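Dear colleague,

Please find below the structure for your records.

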Amino acid sequence: MNTKGGNNPRQHRPICLNASETVLLDRPKGREDVEITVEDGIVRIGAYQEGKIIDLTLAFACKSEPCRFKYPEELSIRIEAITETKCQASYCHHPEQRFNDGIMEWVLQLHIVRLETNIESRLMKLFQLLTTRLGIRTTDGYLLEHTLSHGRIAEIIGTTRSTVSRSISSLRKSNKIYIDELKNQLILPANQINGHTDMFHPSI
């Protein structure tokens, strides 16, 4: 095997998870970068610290949105399957190659979401972010095929589960969002997306 320059990716066996299952991601060797590529499903990338109650959402990844990043020194990374998922973690080091850290990009965008003082505005910003990056564009708007739990949404936007539940109910009554309870899907109408997508895809 050719290992010249240490640039060949060190790939793990595929990771298969049922919805809500988690796996702790191996720490890379030396200065290797990590890339999560998803064959099917959606995964949440979270921060974990042994002995402490830390369950912080850092990023998401799906088939069209792989996530490449530097492994944080102070934290461990845990992958959670939002849906039934097949994914893979690869490790490699390209000292001459610059790339945008996927976790840092998501953290920045989630921080922008939390800057909104109104909870309903935070929810709408979060749904705009998730549906445009992880969802599917349809004639009705953007479809997010699998929604997050109200508890997870509360963690992401910095509020309580009960507040999220009340605010989502209000958004549904005002027809700003549509949720199919049986399919666990969310649709954000086109008129709630137009003019907002550019802010989530900054030019590099």
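Predicted model: local features only at pLDDT ≥ 70, side-chain atom pairs only at ≥ 80, totals over all residues.

Residues are numbered from 1 along each chain as its sequence is written, and side-chain values use heavy atoms, with hydrogens and water left out.

**Overall fold**

The protein chain has four helices and 13 strands; these are DSSP runs numbered from the N terminus (helices H or I, at least four residues; strands E, at least two). Of its 204 residues, 42% count as buried (under 20% relative accessible area; exposed is over 50%, partly exposed in between; 1.4 Å probe, protein chains only). Among contacts (heavy atoms within 4.5 Å) between residues at least 6 apart in sequence, 74% join residues at least 24 apart.

A search of the whole structure finds one cavity of 30 Å³ or more. A cavity here is a set of points, on a 1 Å grid over the protein atoms alone, where a 1.4 Å probe fits but cannot get out; lining residues have an atom within 4 Å of a point. The volume of the largest cavity is about 40 Å³, taken as the space filled by probe spheres set on the points, with grid points joined across faces, edges and corners. Its lining comprises Ile-42, Phe-60, Ile-82, Leu-130, Leu-134, Leu-144, His-146 and Leu-148.

In helix H3 (residues 150-157), the buried residues are Arg-152, Ile-153, Ala-154, Ile-156 and Ile-157. They are covered by elements including strand E5 (42-48), strand E6 (56-62) and helix H4 (161-173). Just after H3, Gly-158 takes a positive phi of about 80°.

Thr-57 is found in strand E6 and counts as buried because its relative accessibility is 5%. Its side chain makes polar contacts (N or O atoms within 3.5 Å; within protein, one able to donate a hydrogen and the other to accept it, and residues adjacent in sequence counting only if both atoms are side-chain atoms). One joins the side chains of Thr-57 and Arg-44 at 2.7 Å, and another joins those of Thr-57 and Glu-155 at 2.5 Å. Thr-57 also touches Leu-110, Arg-152 and Ile-156, among others.

**Asp-101**

Asp-101 lies in the loop between strand E9 (85-92) and H1. Is Asp-101 buried or exposed? Asp-101 is buried, because its relative accessible area is 18%. The side chain of Asp-101 reaches the backbone nitrogen of Lys-70 at 2.9 Å and that of Ile-103 at 3.0 Å. Asp-101 and Lys-70 are 31 residues apart in sequence, and their C-alpha atoms are 6.7 Å apart in space. Leaving aside neighbours within four places in sequence, Asp-101 is in contact with Arg-68, Phe-69 and Lys-70.

With kind regards

Conventions. 1 Å grid on protein atoms, 1.4 Å probe; cavity = no way out; pocket = protein on both sides within 12 Å on 5 of 7 lines; lining within 4 Å.
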